[in-house]
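Please find below my notes on the model you sent.

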Amino acid sequence: MPSTPVHTVGGFTLDAIIHADGRWSTGRLGGNALWASMGVALAVGGRPVAHALVGEDYPEGALAEIASRGVDVDDVTRRPGQPNARVTFAYRADGSRTQPAPPEAVAQLPAEVRPEFADSTRDPRRTLDSLVDGAALADVARSLGGSWHLGLLPGSRFAELTTALRGAGVDYVQADCPARSELARDGEALLERHLTALDVFLPSSSDTDVFAPGVDHRTLVRRFHDYGAPVVVLKRGELGAIVSDATTGDAWSVPAIPAPQDVDATGAGDVFCGYFAHAYRNGATLLDAAVEASAAARAALHVSSPLDLVRPRDEAWQTAVATIREGVTAL
């Protein structure tokens with residue numbers, strides 16, 4: 001039977017990057033909805049459907065190229081007269097990065113390149129305007145139903161979209177963390193109010209360490225259960241993931257295969273989420289879905305563009321999955 005499609009909601013961005021050696025690149029396709037969609041497409045039988053807004057400056061032909069990779073982009077809407085969301089990064093020699101790229105680093109670039117490094121994510125209104133709103137999504141979701149993944153979103157849009165999807169009667173909703181800067185400023189009341197609307201909550205420790213610094217990760221997982229999330233998958237980068245089901249009481253530590261220190265981790269967490277949604281909603285157990293998603297996230301470490309993401313050959317894929325599974329421990 002055909003697999004259940006996974007609808008991904010979030011950003012389709014244009015990224016500009018300053019590399020550790022001083023090189024730069026601009027106009028790169030990015031965004032959490034695109035990376036998550038490619039995570040779904042990475043799975044055998046994956047059927048990603050993207051829901052996003054793009055500006056008039058989004059490259060002509062890009063949506064067709066994305067569609068050629070297996071992503072349904074019929075609900076990606078171009079906005080005439082509006083600029084596309086832009087994200088900028090600057091990498092350090094150890095592989096870590098700063099977002100947005102620091103002004104002093106941008107100032108070292110040629111004058112004609114600097115306008116490409118106008119990061120829009122620090123403008124709340126522009127950020128909201130670049131994302132699908134709840135009313136529009138509810139209308140689409142009522143007719144489509146199915147499984148939905150929300151990428152990292154501003155807090156107000158996170159609340160709006162989770163409410164809209166549940167009101168539309170969809171079968172399954174999972175989400176990444178709301179914006180960590182807002183949670184650090186305003187506290188976790190947003191999570192307390194809205195985690196009950198999710199089937200699975202998939203935050204990253206890079207986010208939780210900002211709004212809940214110093215809190216043990218297992219303690220955080222229990223806190224998220226107390227807020228109403230029945231399943232929590234805490235993505236922890238090189239430490240792997242903690243996977244916890246409050247209904248059964250089962251919890252595991254799922255490892256990540258070590259990767260070189262200087263790899264580009266952009267999009268890996270989104271790929272994890274997309275692949276996980278497909279696997280979990282198409283018959284995999286919670287643990288198996290997380291194990292395979294960890295292997296998918298590792299594949300994302302070795303590409304600089306989401307469109308370059310391809311499933312490893314069967315033997316390499318099976319070896320990666322087996323290696324991760326062998327390292328699973330019960331908590």
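Predicted model: local features only at pLDDT ≥ 70, side-chain atom pairs only at ≥ 80, totals over all residues.

1. Residues are numbered from 1 along each chain as its sequence is written, and side-chain values use heavy atoms, with hydrogens and water left out.

2. An open sheet of 10 strands runs in the order β5-β4-β1-β8-β9-β10-β11-β12-β13-β14, with mixed pairing. Strands and helices here are DSSP runs numbered from the N terminus (helices H or I, at least four residues; strands E, at least two), and two strands pair if DSSP finds at least two bridges between them.

3. Strand β8 (residues 147-150) is parallel to β1 (residues 6-9), to which four bridges join it; T8 stands opposite H149 there. Four bridges also join β8 to the parallel strand β9 (residues 172-175), where W148 faces V173. From β8 the chain passes through helix α6 (residues 155-167) to β9 in a right-handed β-α-β crossover (clockwise from the first strand over the helix to the second, with the strands pointing away from the viewer).

4. Both faces of β8 are covered: S147 and H149 on one side, and W148 and L150 on the other, are all buried (under 20% relative accessible area, 1.4 Å probe, protein chains only).

5. Further along this sheet, β10 (residues 200-201) and β11 (residues 231-235) pair in the parallel sense over two bridges. V200 is placed opposite V231.

6. A second open sheet has four strands in the order β3-β2-β6-β7, also with mixed pairing. Its edges are β3 (24-30) and β7 (97-98). Strand β2 (residues 13-18) pairs with β3 in the antiparallel sense over five bridges, and T13 has G30 as its bridge partner.

7. Helix α1 (residues 32-42) lies across β1, β4 (48-55) and β8, at about 160 degrees to β1. Axes are lines fitted to C-alpha atoms, for helices over the stretch in contact, and angles run from 0 to 180 degrees between N-to-C directions.

8. Helix α1 also packs on α11 (residues 268-281) at about 45 degrees, with the axes 7 Å apart. The contact (heavy atoms within 4.5 Å) involves residues including W35 and V40 of α1 and V271 and Y275 of α11.

Key:
Buried < 20%, exposed > 50% of the residue type's maximum accessible area, 1.4 Å probe, protein only.
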